[in-house]
Amino acid sequence: MTATVLLGPQRFLTTAGGVVRGLGIEGPVATVTAGWEDREGDDQELDQVMDGRSRNLRLYARMVEVLEQDQEFAAAALRFRDAMDDLAGVYGTRLHLALEAVYAVGRRVGRSDVVAAGVDDAIEAVRALDAWYLDRLRVLYGELDATGTLQRSEVIGRHRAEVSEILAGCGVLAVAGGHVGVLLRAMQLFDVRPHADLPVVAWSAGAMVLTSKVVLFHDNTAQGVMGAEVWDRGVHRAPGIVALPHPRRRLHLEDRLRTQVLARRFAGSTCLLLDDGTKVSLGPDGRLPAGARILTDAGTVGVVEAAA
């Protein structure tokens with residue numbers, strides 16, 4: 001697989017522009033700014049740092065056009081959204097209680113081996129709940145697909161063909177941040193799943209979308225401390241990674257129990273911390289490079305060590 005670079009949140013886009021130039025690839029740069037929603041077209045600064053080579057795929061505007069012109073698909077999409085909201089509500093309620101059980105057991109004073117065994121089992125219960133949610137979400141996608149509205153839609157087919165043609169003429173794909181839900185939905189709708197030979201640079205929510213499992217997280221909400229929630233599957237360009245932008249602002253990194261539970265909950269994947277200015281170039285096999293900042297199973301902030 002060719003270059004895949006995950007970046008932290010961008011201010012003034014200086015990191016993103018330098019990374020794209022550093023790839024040494026000439027020709028247009030396909031950009032995705034759908035996460036900016038109504039500001040999708042306000043990409044003059046992005047085009048400037050891409051040396052005037054950007055070709056905005058306009059996925060948000062295309063999605064709005066689809067929903068306005070194809071009433072059958074719009075109705076099916078609305079039913080899917082409502083069903084997903086119901087599922088997320090049930091999942092969120094169960095998840096809150098399950099995580100509170102983990103924290104309560106973990107902070108209990110008692111025989112260490114008994115407490116540790118209790119934490120292990122409680123984390124497994126959370127993992128099972130995450131799996132249940134994704135399984136039920138898969139059913140909802142199956143129901144949407146079974147309507148045939150996506151396959152029959154002429155406007156979706158036209159936009160997919162246009163997006164595919166633009167991508168075929170570009171040497172790099174740059175995926176900006178913004179609203180991760182809108183960004184993922186737009187990329188799904190127009191089948192923007194970058195093939196292995198297309199270099200990709202993505203930041204913040206864009207990095208989250210490239211993973212196999214999009215996890216929403218924030219320890220400092222108006223509602224108080226909230227547990228991380230699995231939201232959806234991503235586009236699988238960066239499998240085995242849970243991307244966590246803004247970790248210093250969004251996570252209580254000093255709370256060893258919470259960070260330990262977060263890391264262990266997603267065992268098999270690595271929780272990657274994407275601070276401002278972070279640049280993480282994945283290896284040809286998708287591996288994280290030495291020095292990448294991660295959450296360890298011990299609940300500490302660590303770094304990937306160089307291969308022996």
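Predicted model: local features only at pLDDT ≥ 70, side-chain atom pairs only at ≥ 80, totals over all residues.
Helices, in what follows, are DSSP runs of H or I with at least four residues, strands are DSSP runs of E with at least two, and both are numbered from the N terminus.

Residues are numbered from 1 along each chain as its sequence is written, and side-chain values use heavy atoms, with hydrogens and water left out.

How confident is the predictor, then? The term pLDDT is the predictor's confidence in each residue, from 0 to 100, and for this chain the mean is 93, with 96% of the residues reaching 70 or more. Among the elements of the chain, the lowest mean pLDDT, 89, belongs to helix 1 (residues 14–22), and the highest, 98, to helix 3 (residues 59–69).

Let me turn to the chain as a whole. Its secondary structure comes to 11 helices and 12 strands. The radius of gyration, which is taken over C-alpha atoms, is compared here with a globule rule of 2.2 Å times the number of residues to the power 0.38. For this chain the radius of gyration is 20 Å, close to the 19 Å that the rule gives for 308 residues, so the chain is as compact as a globular protein of that length. Taken along the principal axes, the C-alpha atoms fill a box of roughly 65 × 45 × 35 Å.

Buried residues make up 48% of the 308 residues in the chain. Contact, likewise, means heavy atoms within 4.5 Å, and of the contacts with a separation of 6 or more, 76% are between residues 24 or more positions apart.

Which aromatic rings pair up? Rings of Phe, Tyr and Trp (its six-membered ring) pair if their centres lie within 6.5 Å, and planes under 30 degrees apart count as stacked, over 60 as edge-to-face and the rest as tilted. The structure holds 2 aromatic pairs. F80 and Y141 form a tilted pair, 4.8 Å centre to centre with 40° between the planes. Because F80 lies in helix 4 (residues 71–106) and Y141 in helix 5 (residues 112–146), this pair ties together parts that are 61 residues apart in sequence. F80 is buried, at 9% relative accessibility, whereas Y141 is partly exposed, at 25%.

Y91 and Y133 have ring centres 4.3 Å apart and planes at 20°, so that pair is stacked. It links distant parts of the chain as well, with Y91 in helix 4 and Y133 in helix 5, 42 residues apart. Y91 is buried at 1%, and Y133 is buried at 0%.

Charges can also sit over rings, which here requires NZ of Lys or CZ of Arg to be within 6 Å of the ring centre and within 35 degrees of the ring normal. R94 lies over the face of W132, 4.8 Å from the ring centre, and R250 lies over the face of F217, at 5.9 Å.

Now for some covered elements. In helix 8 (residues 180–189), 9 of the 10 residues are buried, among them V180, L183 and M187. In strand 9 (residues 270–274), 4 of the 5 residues are buried. Strands pair if DSSP finds at least two bridges between them, and 5 bridges join strand 9 to strand 8 (residues 241–245), the two running parallel. Within this pairing, L244 has L273 of strand 9 as its bridge partner.

What about phi? Most residues other than glycine have a negative phi. R58, however, has a positive phi near 55°; this residue lies in the loop between strand 3 (54–56) and helix 3, and is partly exposed at 39%. H246 also has a positive phi near 55°, in the loop between strand 8 and helix 10 (247–250), but H246 is buried at 17%.

Finally, back to G302, which is buried at 14% relative accessibility. Leaving aside neighbours within four places in sequence, G302 is in contact with A292, R293, I294 and T296.

Terms used
Buried < 20%, exposed > 50% of the residue type's maximum accessible area, 1.4 Å probe, protein only.
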